[in-house]
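I wanted to look up the pockets of this structure and write down what lines them.

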Amino acid sequence: MGLKGFERRLEHAVEGMFSRVFKSGVRPIEIGRRLTREMDDHRSVDVRGRVVAPNSFTIHISTDDHDSFADIADTLCRELCDAAREHARDEGYAFLGPVEAELVVDPEQRTGTFHIDARLREGPGGTGAGSLMLPTGERYVLREGTISVGRLPECDITVVDPNVSRRHAEIQSRGDGFVVVDLGSTNGTRVNGVRVTERELRDGDELGFGNVRLTFQAS
């Protein structure tokens, strides 16, 4: 499911260039397949009994292939990260930190070949993996520290809704997880429809700020 979604989204993002650019070089779907295979091959069990998979990927490719990817490198890396998250969700894997992917030039790689270094990597300060799916379909990756949510433009996540307070809530990193904390907002903060003052977030939780809904994903 993750790889099919990856190919469909990437093909839509680059449209006709998808088939034109990659005829003789590395195809993105090949990288996606190898990446998920690396996750399966290098999964492990942590001290909490969770099955954890690599979350940091360095893709080594030739100079020619790197040049071919130049115009869509950011899109490709973003979609590879999403494919990794979807695969982890399908297989029940956890991550030790944020999912990252990087394309690098490797003079040892010939055109059409590539190598992936897949690693288990904690986030800064031991922060685990977490992200918010915004109403626009964009993903906001959570990291160490505090993320502010509210109507003010200086908030990390600005919510345009008259039912949302200027500084409505915060998402705080605690240990290897994340907690939502209401800041005394007028209309309250809800998790899965229940009003909360403070709540540890779990994968799939729906956060409600006014009429806006965000989904927390622990991957």
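**Pocket notes**

I began with the lining of the second largest pocket, where I found 10 charged, six nonpolar and one polar residue; here Asp, Glu, Lys and Arg count as charged, Ala, Val, Leu, Ile, Met, Phe, Trp, Tyr, Cys and Pro as nonpolar, and the others, Gly among them, as polar. I noted that this is a predicted model, in which local features need pLDDT of at least 70 and side-chain atom pairs count only at pLDDT 80 or more, while totals for chains, interfaces and linings use all residues. Residues are numbered from 1 along each chain as its sequence is written, and side-chain values use heavy atoms, with hydrogens and water left out.

I looked up the space in the second largest pocket and found about 370 Å³. A pocket is an open set of points on a 1 Å grid over the protein atoms alone, where a 1.4 Å probe fits, with protein on both sides within 12 Å along at least five of seven lines, and lining residues have an atom within 4 Å of a point.

Which element gives the most to the lining of the second largest pocket? I found that α5 does, with seven residues.

I then turned to the largest pocket, which holds about 420 Å³ of space. Of its 23 lining residues, R50, A129, D176, D203 and A218 are the closest to the centre. I saw that β11 gives the most to this lining, with three residues, and that the lining of the largest pocket has 11 nonpolar, eight charged and four polar residues.

How values were computed: Grid points are joined across faces, edges and corners, and a volume is the space filled by probe spheres set on the points. Helices (H or I, at least four residues) and strands (E, at least two) are DSSP runs, numbered from the N terminus.
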